[in-house]
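Let's take a walk through the side-chain contacts of this one. Keep the viewer open as you read.

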Amino acid sequence: MTSSPRVAESVAALLLLALGASLLLAASRKSVTIDEEVLIPAGFQHLARGDFRPVNEHPPLAPALAAAPLLVLGVEAPRLEGLGLSEAQQSAHFSVPFWRANAGALRAVSFWARVPAVLLTLALGALLFVYTRRLFGPLAAVFAVALFTCEPTVLAHGRVAHTDIPSALGLLLFCHALRSYAREPRARRALLVGLACGLAVLTKFSMLALAPLLLAAGVVWVWRAPRRELPRRQVLRHFAVALLAAWVTLHAGYYFDGRALESSELARVEAGGDGDSAASALRLAARVLPADFVAGVGYQIAHNREGHQAFLLGEYRTRGWWYYFPVAFALKTSLPFLMLTLASVAWAAWRVRHGEREFLYALAPPLLFFALASATAINIGVRYVLPALPFLCALGGALLARLWGARRGRAPCALVALACVGWMALEAWLAFPHYMPYVNQLARARPGWTYLSDSNVEWGDDVGALAAYLHERGETRVTAAVLSERMLSYHGIEVVSPYDGAGAGGRPRYTAVGASHLNGSTVPWT
């Protein structure tokens with residue numbers, strides 16, 4: 001392997017092409033997840049009709065991008081206004097007429113709605129290459145991309161029309177723009193910082209954490225301006241440009257919609273113990289921010305306060321565990337990547353302590369993001385820390401590049417580097433295309449659902465395969481307790497709930513139970 005920039009770019013491009021082919025092939029074999037069942041129709045409403053209310057608990061960028069190919073394909077869905085539904089019913093059932101109207105083209109709609117997600121994953125890999133090369137050199141960048149293309153969580157969610165990969169791209173883009181401005185303060189680069197911040201927030205509400213980070217960066221810029229022989233007034237203008245760019249970008253994502261925030265949209269926030277103060281703050285924010293954005297933030301505040309039913313290592317909670325994401329990461333990522341992550345984080349911390357501050361741009365973001373995720377009450381998937389993975393790939397790539405170029409024991413060190421990447425590639429190949437339930441050797445003594453639940457083990461993307469299995473055996477009915485079971489009806493399968501009576505037709509011949517139902521984490525509470 002060489003450190004030549006052109007050769008490095010070529011190798012990285014080939015790795016990303018292989019990743020894209022793998023993701024597209026997996027997308028063609030897997031049906032939509034339970035979240036995509038709602039987000040794809042929501043994106044269609046966002047893009048075609050400028051209506052953000054059906055699913056405003058997520059920012060609109062990822063759903064709208066998923067729906068973009070559907071407009072080109074001529075997909076049409078009934079208007080909600082003509083269905084005779086109340087506003088509450090529209091919010092709860094708006095996805096049903098969409099899938100019902102497109103049941104005949106279910107595979108095509110599901111596949112093309114995921115193509116933008118695959119493209120965003122490739123864009124994330126390309127930006128990872130650029131970011132790592134500027135920090136640690138071309139060889140480290142190639143290794144980083146190799147780790148990225150073999151990482152099971154990336155392979156599982158890189159084909160899903162959801163907010164996780166877009167938010168990872170948004171965070172990396174923001175850090176890249178921030179570093180570029182720090183190295184060379186210019187108005188144009190400050191503008192890019194603001195644009196990146198706005199785009200990141202449009203991908204996922206957790207990216208709101210970038211707002212205080214941008215404010216803190218602005219204070220540091222102004223404070224350090226004299227040391228860099230820059231007028232403080234000029235740096236203040238740059239900071240104002242960044243803030244304005246972020247604000248305009250956020251409004252653009254909501255089509256500059258000027259509707260007023262409705263009192264009903266904050267009902268869940270007000271129901272909490274500190275709901276009045278939170279609701280007052282949100283009403284104040286709605287004067288300068290889009291109403292649907294503020295309503296979405298309110299939904300997430302209420303959701304985090306109420307918690308979410310979760311499962312970890314045999315325990316059930318609604319408020320989560322502070323150690324959930326470290327444990328999920330340790331079980332869901334491949335063993336060589338886990339060991340490489342631990343080694344590279346310790347190595348990077350040592351390098352920072354000895355004055356190599358460039359390592360902070362790869363070390364600080366994942367540590368801060370894990371800390372932020374561990375402070376939340378929503379523990380339903382390792383995908384929530386996916387934005388940290390590119391930075392861990394960058395650190396791992398830097399360590400592997402150092403091993404590859406070691407002066408002492410070069411052959412053994414190079415062998416370790418190759419073995420690490422080769423082991424990850426083998427794990428990825430053996431798991432294809434079933435990356436969603438992947439667990440490493442630490443958790444293979446028992447089924448994965450005995451350790452974790454929800455999108456870690458089952459997310460409804462095998463419903464199409466289940467329907468095909470039943471049709472092959474002449475069955476059109478099934479007793480089912482699986483995520484996204486409603487999609488079975490669009491595949492021509494009638495679902496009988498195991499929690500209700502069998503009905504006039506009696507119990508079907510087959511029963512399907514999903515992994516999250518097996519461990520009880522998604523069984524309806526009584």
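What follows goes from aromatic pairs to charges and then to a pocket.

Bear in mind that this is a predicted model, where local features need pLDDT of at least 70, side-chain atom pairs count only at pLDDT 80 or more, and totals for chains, interfaces and linings use all residues. Residues are numbered from 1 along each chain as its sequence is written, and side-chain values use heavy atoms, with hydrogens and water left out.

Start with the rings. Searching the whole structure turns up 20 aromatic pairs. Here rings of Phe, Tyr and Trp (its six-membered ring) pair if their centres lie within 6.5 Å; planes under 30 degrees apart count as stacked, over 60 as edge-to-face and the rest as tilted. One of the pairs is tyrosine 131 with phenylalanine 391, edge-to-face at 5.9 Å centre to centre, with 90° between the planes. Tyrosine 131 is in helix α6 (residues 106-136) and phenylalanine 391 in helix α19 (residues 389-404), so this contact ties together parts 260 residues apart in sequence. Helices (H or I, at least four residues) and strands (E, at least two) are DSSP runs, numbered from the N terminus. Tyrosine 131 is buried at 1% relative accessible area, and phenylalanine 391 is buried too, at 0%. For the record, buried means under 20% relative accessible area, exposed over 50%, and partly exposed in between (1.4 Å probe, protein chains only).

Tyrosine 254 and phenylalanine 293 make another edge-to-face pair, at 6.2 Å centre to centre and 75° between the planes. Tyrosine 254 sits in the loop between α12 (232-253) and α13 (267-270), while phenylalanine 293 belongs to helix α15 (residues 291-306), 39 residues apart. Both tyrosine 254 and phenylalanine 293 are buried.

Elsewhere, ring pairs join Trp321, Tyr324, Phe325 and Tyr384 into a cluster. Tyrosine 384 has a charge over its ring as well: the charged end of lysine 204 lies 4.4 Å from the ring centre. To count, NZ of Lys or CZ of Arg must be within 6 Å of the ring centre and within 35 degrees of the ring normal. Arginine 227 does likewise over the ring of tryptophan 223, 4.8 Å from its centre.

Now for charge against charge. How many salt bridges does a search of the whole structure find? There are 19 salt bridges, each a side-chain nitrogen of Lys or Arg within 4 Å of a carboxyl oxygen of Asp or Glu. In one of them, arginine 383 meets aspartate 35 at 3.8 Å, N to O. Arginine 383 is buried at 3% relative accessible area, whereas aspartate 35 is partly exposed at 21%.

Arginine 351 also bridges to glutamate 356, with the closest N and O atoms 2.5 Å apart. Arginine 351 is buried, at 7% relative accessible area, and glutamate 356 is partly exposed, at 31%.

Last stop: the second largest pocket. Its lining has 30 residues, with Leu178, Leu213, Ala217, Tyr361 and Ala364 nearest the centre. α9 (164-183), α11 (210-224) and α18 each give at least two residues to that lining. On a 1 Å grid over the protein atoms alone, a pocket is an open set of points where a 1.4 Å probe fits, with protein on both sides within 12 Å along at least five of seven lines, and lining residues have an atom within 4 Å of a point.
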